[in-house]
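Open the model in your viewer and get ready to select residues.

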Amino acid sequence: MDRVLRAATRVFLERGFSATSMSDLVAATGMNRAGLYAAFGSKHQLYITALGRYREDTEPELRSIARRVLDRGEEERLDAPRAVADLLDVVARHSKEGGFVVRAAVELADDPATMRRVQEAWTELERDLAAILARAVERGEMDAAADPDRLARTALVFIQGALVIGHADEDDRRLADATTGLVELIAAHRPSATADAMRSQAPDDALLNES
C-alpha cells in the first residue's frame with residue numbers, strides 16, 4: 001500500500017486533485033479501479049490518505065531540526081537564525097516536489113477534511129518555530145522585545161510562499177535571496193544587533209553639544 005500511496009502522491013502533485021482522474025490513478029498505481037475503491041473508498045479519501053503520508057515523509061525532518069535545537073543544554077547556543085535557515089533548506093528541497101500541503105490548501109480550501117490536515121501541519125510548524133524563538137529570548141540570544149509568536153507566524157507564511165516559488169520559478173536565486181532576508185530579519189533581533197541599530201539612530205554627541 002505504501003507504493004500505491006507514493007504513486008498517487010506523485011500524480012496529485014503533478015496534476016492536482018481536480019485534474020486527476022481515476023484512470024490516471026489506475027495507471028500510476030497499477031491497481032485496478034475496483035481495487036482502489038475497495039482500499040480507499042473514493043478519490044477524495046485517497047487524496048486525504050496520500051496527503052497524510054506526504055506529511056509523514058516530510059515533517060519528521062523539520063521536527064528533528066526543531067527538537068535538536070530545543071534539546072541543547074544551557075551551555076550551548078541555540079542560534080535561532082541558523083535553526084530557521086536549516087528549516088528553510090529542507091523547505092527549499094521539498095519545494096521542487098510542489099509542496100503538497102500548500103497545493104491542497106489552494107485547491108481544496110473549502111473542503112473541511114483537507115483543511116483540517118493542512119491546519120494541523122501549519123500549526124505544528126508554527127509551534128516549533130515559536131518554541132525555538134521563545135527559548136532564544138529566554139536565554140538572552142534574542143532581544144527581550146522580540147515577539148516569538150509573530151516571528152514564527154511570519155516564517156510560516158514565508159514558507160508557504162517559498163514552496164510555491166521554489167516549485168514554479170526557474171531562477172533559484174529568488175528563493176535563496178528571500179531566505180537570506182528572512183534569516184537576517186530574525187538575526188536582527190539579537191541583542192547586539194538591536195543595540196547597534198539604536199546606536200546608529202542616536203544623535204551624535206557633538207551635534208547635541210553644538211545645539
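A pocket here is an open set of points on a 1 Å grid over the protein atoms alone, with protein on both sides within 12 Å along at least five of seven lines. Its volume is the space filled by 1.4 Å probe spheres set on the points. This is a predicted model, where local features need pLDDT of at least 70, side-chain atom pairs need 80 or more, and totals for chains, interfaces and linings use all residues. Residues are numbered from 1 along each chain as its sequence is written, and side-chain values use heavy atoms, without hydrogens and water.

**Stop 1: the pocket.** Select L5, R6, T9, R10, L13, R53, Y54, D57, T58, H94 and E97, which line the largest pocket (lining means an atom within 4 Å of a point). Its volume is about 180 Å³. Helix α1 (2–15) gives the largest share of the lining, 5 residues. Helices are DSSP runs of H or I, at least four residues long, numbered from the N terminus.

**Stop 2: α4 and α7.** Select 43–70 for α4 and 112–138 for α7. Their axes, lines fitted to C-alpha atoms over the stretch in contact, lie 10 Å apart. The angle between N-to-C directions, on a scale from 0 to 180 degrees, is about 5°. The two are therefore roughly parallel (under 35 degrees). Contact means heavy atoms within 4.5 Å; among the residues making it are Y47 and L51 of α4 and R117 and E124 of α7.

**Stop 3: α2 and α3.** Select 22–29 and 33–40. These helices pack at about 95°, with axes 9 Å apart. They are therefore roughly perpendicular (65 to 115 degrees). Show M22, S23, L25, V26 and T29 in α2, which meet R33, L36 and Y37 in α3.

How values were computed
Angles under 35 degrees count as roughly parallel, over 145 as roughly antiparallel, 65 to 115 as roughly perpendicular and the rest as oblique.
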